[in-house]
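These are my notebook entries on one structure. I wrote down what I looked up, one topic at a time.

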Amino acid sequence: MSRDLGLRRLNRLRGLDRSVLVAAASVTALSLTASGCVVVHGEREVLPATTRAEAAKALEEFTAAYNAADKAYDSSLDADHTTGALADIDGARLKAGRANSPEGNANHVPLKLTDAKFTIVEKAGWPRWFVADAAGNKGGVSRWLLVFTRDGLDEPWQVAYLTLVAPDDIPEFKTDADGWAEAVPANSAGLAVQPGELSRRYAAFLKDGGDAFAEGPHTSAWRTLREKRAERPGLVTQYIDEPMTNGDYAPLALRTKDGGALVFFTTRHFEKQTAAAGASVPTPNKDVLALTEGEITQSLTMEFVSNEVALDPADGAVEVLGRIQGLTSAKGE
């Protein structure tokens, strides 16, 4: 891997994914006691993130905003409803769409999410969050998993993670007598990989392999595909994979009924294509060109943001169930 690629960090634009589009603040509680009024602070009390009715409303508002933005190719229309990895992916998708079709999306088909199920986390502190699991009119039979987060009582609900998962792959979650789910701390030691370490371990696996992750389309098969692409005559392809773990990219994990966890996490990926002397880099499609700075003469470096969802068992290999990746920027040289 050349230092050239490592040193050239592209300007962070917002993300693109052609394949799909592709926690609640606790209200301060007051209780009267014999001695008077006692304030229970939401940032310290273990409380449900939101109500099921409010979660359903948040999903409805997100879907309406996403459809408006997709129809107009205007990221400002859903900016208040996305954050983290999804904001990067969706924002650049819309930017490229507007660059190529300023009049809007002529092929717009409204996203419809039905049969929604909500897994609401009970925890102290921010962010409050919950997971919506819904059937969609896009993506085949896969279920849409959307993770909604909120950093304060006056903040809107925003989707940080969006992945598509086969219905049979979605685990049962551990819930209490009232149906509230359990958040797993990032530093939990009772799992095959700590949730806070998954992004770093996944990036390391893509580079060097290993046995931390089970075989599948997003692990061993992806490594094989990248190795084949790197061997094309006249074109050198290099990869750098980086963890993303801070702020709105922090992993979020739910306890499963069997003692493991379902973890949502983010990674960043760079792919640099360099043509041999006398050859040229394959011409990218118009969506890539819309996000490309500089002139493509001998090389093209592309930056992607990817959000993953994985089953992290108490023992054994981690299984990556779904991954949505989008181009966020590119640079020609």
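I am working with a predicted model, in which local features need pLDDT of at least 70 and side-chain atom pairs count only at pLDDT 80 or more, while totals for chains, interfaces and linings use all residues. Residues are numbered from 1 along each chain as its sequence is written, and side-chain values use heavy atoms, with hydrogens and water left out.

**Entry 1: H4 and H5**

I looked up which residues of H4 meet H5. On the H4 side I found Tyr202, Phe205, Leu206, Lys207 and Asp208, and on the H5 side Ser220, Trp222, Arg223 and Arg226. I sorted the residues of this contact into 4 nonpolar, 1 polar and 4 charged. For this sorting, Ala, Val, Leu, Ile, Met, Phe, Trp, Tyr, Cys and Pro count as nonpolar, Asp, Glu, Lys and Arg as charged, and the others, Gly among them, as polar.

Next I looked up the geometry. Two packed helices are described by the angle between their axes and the distance between the axes. The axes are lines fitted to C-alpha atoms, for helices over the stretch in contact, and angles run from 0 to 180 degrees between N-to-C directions. The axes of H4 (residues 198-208) and H5 (residues 220-229) come within 9 Å and cross at roughly 45°. H4 and H5 are therefore oblique to each other. Angles under 35 degrees count as roughly parallel, over 145 as roughly antiparallel, 65 to 115 as roughly perpendicular and the rest as oblique.

**Entry 2: the loop between H4 and H5**

I picked Phe213, which lies in the loop between H4 and H5. Is Phe213 buried or exposed? Its relative accessibility is 4%, so Phe213 counts as buried. The cut-offs are under 20% relative accessible area for buried, over 50% for exposed and in between for partly exposed (1.4 Å probe, protein chains only). Leaving aside neighbours within four places in sequence, I listed the contacts of Phe213, among them Leu198, Arg201, Tyr202 and Phe205. The list also includes Thr219, Ala317, Val318 and Val320.

**Entry 3: H2 and H3**

The axes of H2 and H3 come within 9 Å and cross at roughly 30°. H2 and H3 are therefore roughly parallel to each other. From H2, the contact takes in Phe62, Tyr66, Ala69, Asp70 and Ala72, and from H3 it takes in Leu86, Asp90, Arg93, Leu94 and Arg98. I sorted these residues into 6 nonpolar, no polar and 4 charged.

Tyr73 lies in the loop between H2 (52-72) and H3 (84-100). Most residues other than glycine have a negative phi, and most peptide bonds are trans. Tyr73 has a positive phi of about 50° although it is not a glycine. I also noted that Tyr73 is buried, with a relative accessible area of 10%.

**Entry 4: strand S4 and its partners**

Two strands pair if DSSP finds at least two bridges between them. S3 (residues 47-48) and S4 (residues 113-123) run antiparallel and are joined by 2 bridges; Leu47 has Lys123 as its bridge partner in S4. S4 and S5 (residues 128-136) also run antiparallel, with 6 bridges, and Thr119 is partnered by Val131 in S5. S8 (residues 181-182) runs parallel to S4 and is joined to it by 2 bridges. Here the partner of Glu122 is Glu182 in S8.

Within S4 I noted Asp115, which has a positive phi of about 50° although it is not a glycine.

**Entry 5: the turn between S4 and S5**

S4 and S5 form a hairpin with 4 residues between them, and Gly125 in the turn has a positive phi of about 80°. Pro127 is found in the loop between S4 and S5. The peptide bond from Trp126 to Pro127 is cis, with omega near 0°.

How many residues apart in sequence are Glu45 and Gly125? They are 80 residues apart, yet 7.4 Å apart in space, C-alpha to C-alpha. Glu45 lies in the loop between S2 (36-40) and S3 and counts as partly exposed at 35% relative accessibility.

**Entry 6: S6 and S7**

Last, I looked up S6 (residues 143-150), which runs antiparallel to S7 with 7 bridges between them. Arg143 has Val165 as its bridge partner in S7. In S7 (residues 158-165), 8 of the 8 residues are buried, so this strand is largely enclosed by the rest of the structure.

Key. Contact = heavy atoms within 4.5 Å.
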